Amino acid sequence: MEATIALRLPRDAASVPLIRQMLDGTLRSLGVEPQIRDDIELMLTEACSNVIKHAAPSDDYTVSASVHDHLCVIKVVDTGNGFDASKVIQATQGENGMEHGRGLQIMRALADDIRFTNRREHGAVVCLEKQLRYAPGAAGRQLMAT
């Protein structure tokens, strides 16, 4: 069995709690351990927040999340100008006092695998993967094994 959620969202901060709650509710229903759910929630928040802050001129973005067996795969896709993730090695302080790159560092630290695809002039795709652990007797343990 595979569980999938996909939403096209407005590039607005109010969209982040919606997708976060939907994914967390799904993972909770499957019996994914709380620490893993927290990691996924933070990775998702950072990926979506980066789109909202940096993906101009895009008006919307897409988030898809799928759970298959013991793996959660999240894709955040925007249609902005794209970026080069390899140039963001560590967080830096900008001229305006704002920190840049912290979200990418958080995603790299929490994800088991992370891939960035830059589609110059057509946006970017962030793909995050996280191995799942289920609580003993969880529904997801039995359902995802079939």
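Glu46 has its place in helix H2, where helices (H or I, at least four residues) and strands (E, at least two) are DSSP runs, numbered from the N terminus. At 10% relative accessibility, Glu46 counts as buried; buried means under 20% relative accessible area, exposed over 50%, and partly exposed in between, with a 1.4 Å probe and protein chains only. Not counting residues up to four places away in sequence, Glu46 touches Arg102, Gly103, Ile106 and Met107, contact meaning heavy atoms within 4.5 Å.

The model is a predicted one, in which local features need pLDDT of at least 70 and side-chain atom pairs count only at pLDDT 80 or more, while totals for chains, interfaces and linings use all residues. Residues are numbered from 1 along each chain as its sequence is written, and side-chain values use heavy atoms, with hydrogens and water left out.

**Overall layout**

The protein has 4 helices and 7 strands, and along the sequence they follow the pattern β-α-α-β-β-β-β-α-β-β-α. Of the 146 residues in the protein, 41% are buried. Among contacts between residues at least 6 apart in sequence, 64% join residues at least 24 apart.

**Helix pairs**

The table sets out the two helix pairs; axes are lines fitted to C-alpha atoms, for helices over the stretch in contact, and angles run from 0 to 180 degrees between N-to-C directions.

| Helix pair | Axes come within | Crossing angle |
|---|---|---|
| H1 (residues 15-30) and H2 (residues 34-54) | 10 Å | roughly 155° |
| H2 and H3 | 9 Å | roughly 150° |

The crossing of H2 and H3 at roughly 150° makes H2 roughly antiparallel to H3, on a scale in which angles under 35 degrees count as roughly parallel, over 145 as roughly antiparallel, 65 to 115 as roughly perpendicular and the rest as oblique. H2 passes H3 in a left-handed crossing; a crossing is left-handed if the near helix is turned anticlockwise from the far one by less than a right angle, and right-handed if clockwise. On the H2 side this contact is made by Asp39, Leu42, Met43, Glu46, Ala47 and Asn50, and on the H3 side by Arg102, Gly103, Leu104, Ile106, Met107 and Leu110. The residues of the contact of H2 with H3 divide into 7 nonpolar, 2 polar and 3 charged, where Ala, Val, Leu, Ile, Met, Phe, Trp, Tyr, Cys and Pro count as nonpolar, Asp, Glu, Lys and Arg as charged, and the others, Gly among them, as polar.

Turning to the other pair, H1 passes H2 in a right-handed crossing. From H1, the residues Ser15, Val16, Ile19, Arg20, Leu23, Asp24, Leu27 and Arg28 meet Arg37, Ile40, Glu41, Leu44, Thr45, Cys48 and Ile52 in H2. The residues of the contact of H1 with H2 divide into 8 nonpolar, 2 polar and 5 charged.

Arg20, which lies in helix H1, counts as partly exposed at 24% relative accessibility. Leaving aside its neighbours within four places in sequence, Arg20 is in contact with Glu41, Leu44 and Thr45. The C-alpha atoms of Arg20 and Thr45 are separated by 7.1 Å, although these residues are 25 residues apart along the chain.

**The nonpolar core**

A nonpolar core is a set of buried Ala, Val, Leu, Ile, Met, Phe, Trp, Tyr and Cys residues joined through side-chain atoms within 4.5 Å. The largest nonpolar core has 36 residues, and those with the most contacts inside it are Ile40, Tyr61, Val63, Val67 and Ile74. Strand S1 (2-10), H1, H2, S2, S3, helix H3 (102-110) and strand S7 (124-131) each supply at least two residues of this core, and H2 gives the most, with 8 residues. Ile74, leaving aside its neighbours within four places in sequence, is in contact with Leu23, Ile40, Leu44, Val63, Ser64, Ala65, Val126, Cys127 and Leu128.

**Two loop residues**

Asp69 lies in the loop between strand S2 (60-68) and strand S3 (71-78), and at 34% relative accessibility Asp69 counts as partly exposed. Most residues other than glycine have a negative phi. Asp69, however, has a positive phi of about 60° although it is not a glycine.

Ala56 lies in the loop between H2 and S2 and, at 37% relative accessibility, counts as partly exposed. Not counting residues up to four places away in sequence, Ala56 touches Arg11, Gly80 and Asn81. The C-alpha atoms of Ala56 and Arg11, 45 residues apart along the chain, are separated by 9.1 Å.
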